[in-house]
Amino acid sequence: MRWPCLPLCLLLVACNAPGPGFHGVAPMRVAVGQSVFDVRVDGLWAQAIRLTPEWAPRPAAVIPRAVAAIEGASGCRVARLGGDQAVMVAQLD
């Protein structure tokens, strides 16, 4: 019974893991509205991972918060943004 639980626990631990381009970059925790993000900035790129549980968040509600979190953490404007409601990657201007 323990063996099926181990892969599930390992999967849940990786929920806040950065993408390959941001491995080793220390996150900055930023709260915007009701959302909390871990923002990692590496040169002209930034990644925001939403940490707060929200039931079926609309992109129109979450994306402006992610942009504000990235701009606040990096001090730069977001030129382009891609991703979904959970993980967003931005190119900085």
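## Strands β3 and β5

Ala46 stands opposite Ala90 in β5. β3 and β5 run antiparallel and are joined by five bridges; strands count as paired if DSSP finds at least two bridges between them. Strands (E, at least two residues) and helices (H or I, at least four) are DSSP runs, numbered from the N terminus. Strand β3 spans residues 45-50, and five of its six residues are buried (under 20% relative accessible area, with exposed over 50% and partly exposed in between, 1.4 Å probe, protein chains only).

This is a predicted model, in which local features need pLDDT of at least 70 and side-chain atom pairs pLDDT 80 or more, while totals for chains, interfaces and linings use all residues. Residues are numbered from 1 along each chain as its sequence is written, and side-chain values use heavy atoms, without hydrogens and water.

## The β2-β3 hairpin

Strand β2 (residues 35-42) pairs with β3 in the antiparallel sense over six bridges. Arg50 in β3 is the bridge partner of Phe37. Two residues lie between the strands of this hairpin, where Gly43 has a positive phi near 70°.

## Val87

Val87 belongs to strand β5 (residues 87-92). Why does Val87 count as partly exposed? Its relative accessibility is 32%.

## Whole chain

The chain has two helices and five strands, in the order α-β-β-β-α-β-β from the N terminus. Of its 93 residues, 30% count as buried. Among contacts (heavy atoms within 4.5 Å) with a separation of 6 or more, 41% involve residues 24 or more positions apart.
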